Amino acid sequence: MTTAVDTTTAAAGAAPFGRALCAMVTPFTEDGALDLDGAQRLASDLVARGCDGLVLSGTTGESPTTTDAEKAALVEAVREAVGGAPVVAGVGTFDTRHTVELARAAEKAGADGLLVVSPYYSRPPQDALEVHFLAVADAVGLPVVLYDIPGRTGTRIEADTMIRLAAHPRIVAVKDCSYDFLAAQKVLARTDLAYYAGCDEHNLALYAVGGAGYVSTVANVVPEQLRAVLDAFDAGDTPVAARLQQRATPLIESLMSSGLPGTVTTKALLHELGHPAGPVRAPLQPADRATVHGLLAEYERLVAD
């Protein structure tokens, strides 16, 4: 099968997986089993509505509570559903050997790229982080996206570490949830890494200084509205891009800053809108009705504009 990405030359700044990527939820049935049919329907719908590609088994995809077999099955099912649209598989764990195993399984299942988060809980120093990421990149033939989300992992991927890792031909991109805009610009200035905003409130700001686009949780529910921000900017209409980003901000805030994980709020809103989602897996718990009503209100305001 021909992948959607050149695994040896996909480089930077060039949005190797497209500009508008969705960090897709993992649909479950009401009894908590993996819902592959629902995943295929959701994936197809997201691509049809403007997502260039999909990122599976990330934070939003509840990767800590899905099994290795479920992760591989999800890649296979979504790959079948979306044709040539890029599919990036989250494979990062706190164990280098396990991460390599997941990376190889994702490659075999048909992934076009890998999302590799910093090892969490053990909080390795920067030299150990570098060894970890290089071990994964050396073990497969797929392009690698470094996932910097220190609020969850406890460890930053420092800018200087990113710059060194960028020398590896298969480390091509970053999903940035660091909330360190200066560090992102430093890496952009000194490497060819494609920088994707991983926090929806930064989508336009990072794109405007040379970012590649976004990997968005909010795109699960409003893919057209988020893509329109990038389209307006690319058309040279910065004021319109800014207004569109501002219009989306109340929903972004409701989904991502309500005190609940974005997975919980996004699945709740998808369910209300009739899209495949299902419950979250414990230890996560469902959103209460007051939260759901607030999410629906912000969604309706945005789509009515």
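Start by selecting strands S1 to S8: a closed barrel of 8 strands runs S1-S2-S3-S4-S5-S6-S7-S8, with parallel pairing. From one strand to the next, the twist averages 25°. Strands here are DSSP runs of E with at least two residues, helices are runs of H or I with at least four, and both are numbered from the N terminus. Two strands pair if DSSP finds at least two bridges between them.

Before you go on, note that this is a predicted model, in which local features need pLDDT of at least 70 and side-chain atom pairs count only at pLDDT 80 or more, while totals for chains, interfaces and linings use all residues. Residues are numbered from 1 along each chain as its sequence is written, and side-chain values use heavy atoms, with hydrogens and water left out.

**Stop 1: strand S5**

Now select residues 144–148, which form S5; 5 of its 5 residues are buried (under 20% relative accessible area; exposed is over 50% and partly exposed in between, with a 1.4 Å probe and protein chains only). Which residues point each way from S5? Val144, Leu146 and Asp148 point one way, and Val145 and Tyr147 the other.

S4 (residues 113–117) pairs with S5 in the parallel sense over 4 bridges, and Leu114 has Val144 as its bridge partner in S5. To get from S4 to S5, the chain passes through helix H4 (residues 126–139), and this β-α-β crossover is right-handed: with the strands pointing away from the viewer, the path from the first strand over the helix to the second runs clockwise. S6 (residues 171–176) also pairs with S5 in the parallel sense, over 5 bridges; look for Tyr147 opposite Lys175 in S6.

H4 lies across S4, S5 and S6 and runs at about 160° to S4. Such angles run from 0 to 180 degrees between N-to-C directions, and axes are lines fitted to C-alpha atoms, for helices over the stretch in contact.

**Stop 2**

For a network, select Arg19, Asp52, Arg227, Asp231 and Asp234, which are joined by salt bridges that share partners.

Then pick Arg281 and Glu70, whose side chains meet in a salt bridge (2.9 Å, N to O). Arg281 lies in the loop between H11 and helix H12 (289–304) and Glu70 in helix H2 (residues 68–82), so the pair ties together parts that are 211 residues apart in sequence. Buried or exposed? Arg281 is buried, and so is Glu70.

Move on to Arg41 and Asp37, another salt bridge (3.0 Å, N to O). Both lie in helix H1 (residues 36–48), 4 residues apart, about one turn of the helix. Arg41 is partly exposed at 46% relative accessible area, and Asp37 is partly exposed with a value of 46%.

**Stop 3: helices H10 and H11**

Finally, select H10 (residues 238–256) and H11 (residues 262–272), whose axes come within 7 Å and cross at roughly 115°. In contact (heavy atoms within 4.5 Å) are Leu251, Ser254, Leu255 and Met256 of H10 with Gly262, Thr265, Thr266 and Leu269 of H11.

How values were computed
Salt bridge = Lys/Arg side-chain N within 4 Å of Asp/Glu carboxyl O.
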